[in-house]
Amino acid sequence: MKFKYLLASVSLLIVSSCSPSTAPLDMKFPNALYSGNVSDLYEVIGSASSVDLSWKDSNGIVRKLSGYHGKVAIVTFWQSSLGASDTEIASLDSAAREMPDSLRAIGIATDNVTFGIGSFRTVLNYVTTHPIKLQVIVDSTGLAQSEFPAQTRGTPQSFVLDTTGSVVAIWDGYFNRFEIDSSVRSIYGR
């Protein structure tokens with residue numbers, strides 16, 4: 001009986017990940033963990049025109065991506081197990097620290113999306129051993145990335161949002177500091 005339940009759950013997961021949804025998504029995860037600048041995904045709200053994510057900050061206060069409107073935001077989906085992500089995340093982190101009035105950065109770790117086993121602890125250990133200060137959200141469900149507009153999915157994948165929260169660029173693969181600086185300057189017309 002347990003095997004049938006597991007098989008049905010895996011089948012539902014595969015079917016739901018293969019067919020894009022047109023219905024608005026509103027999923028909440030009330031048992032989301034948080035520690036320092038690492039948080040589990042708390043809520044995903046998607047519609048035809050936008051996506052909003054929520055997480056709990058180090059004090060347990062729910063924060064939203066829409067709270068970053070008025071500033072450029074870069075949302076990067078990455079995995080701590082990919083060594084090449086180290087340079088990319090470090091570049092994004094340093095850019096956000098050097099441009100606090102212009103740029104907000106969020107790293108969404110998709111570690112262990114397949115099973116969600118130990119994702120939070122794995123990412124927390126990674127952040128603890130690397131000097132990362134940007135907000136890191138652990139999304140072991142894969143739901144957050146599926147709500148962003150893109151033709152393909154993968155990691156790393158980044159979305160540049162303008163000051164209104166609209167996606168103005170999608171970067172598939174690794175990026176560098178020059179691309180970050182150029183995007184911020186072009187949005188602000190500098």
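User: How many cavities of 30 Å³ or more does the structure hold?

Analyst: In this predicted model, there is 1 cavity of 30 Å³ or more.

User: What is the volume of the largest cavity, and which residues line the cavity?

Analyst: The volume of the largest cavity is about 40 Å³. Its lining consists of L65, Y68, H69, K71, A73, L161, D162 and G165. By type, the lining residues of this cavity divide into 4 nonpolar, 2 polar and 2 charged.

User: And pockets? What volume does the second largest pocket have?

Analyst: The second largest pocket has a volume of about 190 Å³. Among the residues that line this pocket are W55, D57, R63, K64, Y68 and Q135. The lining of the second largest pocket comprises 2 nonpolar, 5 polar and 3 charged residues.

User: Let us change topic. How many helices and strands does the chain have?

Analyst: The chain has 5 helices and 10 strands. Of its 190 residues, 39% are buried. Among contacts in the chain with a separation of 6 or more, 60% are between residues 24 or more positions apart.

User: How many residues does the largest nonpolar core have?

Analyst: The largest nonpolar core has 25 residues, and L103, V136 and I180 are those with the most contacts inside it. At least two residues of this core come from each of β6 (72–78), α2 (85–98), β7 (103–109), α3 (119–129), β8 (135–138) and α5 (177–188). Another core, of 17 residues, lies apart from it and includes L41, V44, L65 and A73.

User: One more: is Q157 buried or exposed?

Analyst: Q157 is in strand β9 (residues 157–161). With a relative accessible area of 1%, Q157 is buried, because buried means under 20%.

User: Which side chains have a polar contact with the side chain of Q157?

Analyst: The side chain of Q157 has a polar contact of 2.7 Å with the side chain of Q145. A polar contact of 2.6 Å also joins the side chain of Q157 to the side chain of D172.

How values were computed: Residues are numbered from 1 along each chain as its sequence is written. This is a predicted model: local features need pLDDT of at least 70, side-chain atom pairs count only at pLDDT 80 or more; totals for chains, interfaces and linings use all residues. Side-chain values use heavy atoms; hydrogens and water are left out. On a 1 Å grid over the protein atoms alone, a cavity is a set of points where a 1.4 Å probe fits but cannot get out, and a pocket is an open set with protein on both sides within 12 Å along at least five of seven lines; lining residues have an atom within 4 Å of a point. Grid points are joined across faces, edges and corners, and a volume is the space filled by probe spheres set on the points. Ala, Val, Leu, Ile, Met, Phe, Trp, Tyr, Cys and Pro count as nonpolar, Asp, Glu, Lys and Arg as charged, and the others, Gly among them, as polar. A nonpolar core is a set of buried Ala, Val, Leu, Ile, Met, Phe, Trp, Tyr and Cys residues joined through side-chain atoms within 4.5 Å. Buried means under 20% relative accessible area, exposed over 50%, partly exposed in between (1.4 Å probe, protein chains only). Helices (H or I, at least four residues) and strands (E, at least two) are DSSP runs, numbered from the N terminus. A polar contact is a pair of N or O atoms within 3.5 Å; within protein, one must be able to donate a hydrogen and the other to accept it, and residues adjacent in sequence count only if both atoms are side-chain atoms. Contact means heavy atoms within 4.5 Å.
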